Amino acid sequence: MAEGIRDKVVILGMGCTRFGERWDAGSDDLLIEALTEALQDAGIEKKDIQAAWLGIHIDEINIGKGATYASGALHTPFIPFTRVDNFCASGTEAFRGATYAVASGACEIALAIGVEKLKDTGYGGLPDSPAFGQEAVMIGPNATAPGMFAQLATAYAAKYKIPMDKLKEAITHVSWKSHQNGAKNPRAHLRRAVTKEQIMGAPMVAYPLGLFDCCGVSDGSAAAIVCTPEVFKKLKPNEPMVKVKALQISVSSGEEAMFTRWDGAGIITTQTASRKAYEEAGIKDPRKEISMMEVHDCFSITELVTMEDLGISPPGGAPEDILNGFFDLDGQIPCQPDGGLKCFGHPIGASGIRMIYEIYNQLLGRWPEDRAVKNPKFGLTHNLGGVPTQNVCSVAIFGVD
């Protein structure tokens with residue numbers, strides 16, 4: 001049996017731009033901003049990076065295909081630079097490329113960087129383009145992301161016989177909690193706290209999802225430099241190591257869209273990836289062992305069902321956990337301590353690495369007390385790309401030694 005990558009790779013340094021309407025910067029400026037912070041944090045020079053991976057999804061937005069745009073913007077020294085795209089998991093896929101390269105021994109220091117500048121489209125949601133494939137255009141010409149994810153809510157309520165008003169109360173708490181956290185974060189796109197009354201009374205987008213139940217798009221970039229534990233000890237001999245404990249990807253098989261064993265009340269890929277990630281990391285009881293999470297809250301109902309798909313809440317128990325404050329910043333497992341997609345928006349290629357940036361800095365105890373997670377040991381990130389019927393999921397776990 002494969003032994004996985006547990007403890008074979010360490011994060012040497014990270015960088016993350018401010019997310020938002022970055023009319024002041026092009027994609028090249030954002031890439032440079034993220035890499036500059038990561039290099040300073042790592043304590044190395046650009047020439048020390050031996051391979052790089054770029055995460056981006058909608059290449060039509062001023063980046064183009066391949067990785068030559070990024071290598072040119074960053075003036076990397078003729079190293080291998082690879083563009084990866086796997087929907088909303090693209091940033092984590094870039095991180096996986098860099099991590100696997102170091103774990104395999106192919107190189108000792110590698111870069112993962114993600115960027116997306118979606119506000120340039122002038123549209124509030126994702127651009128309607130063949131970026132999702134011509135087949136998707138023909139199969140679902142009228143499908144929308146809110147409409148597809150909203151169906152999780154009705155299926156979940158029917159399965160567990162939970163009244164829709166109680167479910168709405170729970171997903172309202174999800175959004176309220178994230179805005180409370182994001183209001184404290186200088187890198188977040190949306191920095192205003194909102195009341196539960198504002199969330200409940202917001203215009204409906206796709207029942208039961210109102211305006212504040214949906215994340216927006218944004219501009220941003222994030223970068224991670226990873227290395228072997230041996231290189232880290234030479235460069236930072238007296239500093240704690242944030243190690244990659246697990247990184248798993250799961251992609252839909254077609255079961256959800258074309259067969260009958262899926263009930264529509266959860267995400268099969270999240271259940272699969274998390275089970276494998278816990279095994280790789282040696283985690284037996286995630287509800288007791290995970291310290292904090294950054295999950296893919298594209299919609300508030302997605303975060304609710306994810307709590308059960310990750311094995312944190314018992315089946316049918318996520319609403320009670322949420323309403324009891326279990327995932328609040330001062331709860332047992334804080335979720336979205338940085339504000340999540342809800343407050344950062346979703347520049348697709350950057351989001352996965354932005355989540356890792358939050359976990360990395362929380363594990364190192366770098367944040368001010370008012371937004372710090374107390375005594376974290378293991379942090380988890382989760383991305384979900386596509387729609388509930390056809391998607392890709394990534395789950396990564398990090399720990400500090």
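Which residues point one way from β2, and which the other way? The legends below take up this question and then turn to a helix residue.

**View 1. Strand β2 in a predicted model.** A51, W53 and G55 point one way from β2, while A52 and L54 point the other way. In a regular strand, side chains alternate between the two faces of the sheet. Strands (E, at least two residues) and helices (H or I, at least four) are DSSP runs, numbered from the N terminus. This is a predicted model, where local features need pLDDT of at least 70, side-chain atom pairs count only at pLDDT 80 or more, and totals for chains, interfaces and linings use all residues. Residues are numbered from 1 along each chain as its sequence is written, and side-chain values use heavy atoms, with hydrogens and water left out.

**View 2. The partners of β2.** Strands pair if DSSP finds at least two bridges between them. Here β2 runs parallel to β4 (residues 109-117), joined by 5 bridges, and W53 has A112 as its bridge partner in β4. Another 4 bridges join β2 to β3 (residues 81-84), also in parallel; in β3, G55 is partnered by V84.

**View 3. Q271 in helix α10.** Look for Q271 in α10, residues 268-281. Q271 counts as partly exposed because its relative accessibility is 33%. Its side chain makes a polar contact with the side chain of D309 at 2.8 Å (a pair of N or O atoms within 3.5 Å; within protein, one must be able to donate a hydrogen and the other to accept it, and residues adjacent in sequence count only if both atoms are side-chain atoms).

Conventions:
Buried < 20%, exposed > 50% of the residue type's maximum accessible area, 1.4 Å probe, protein only.
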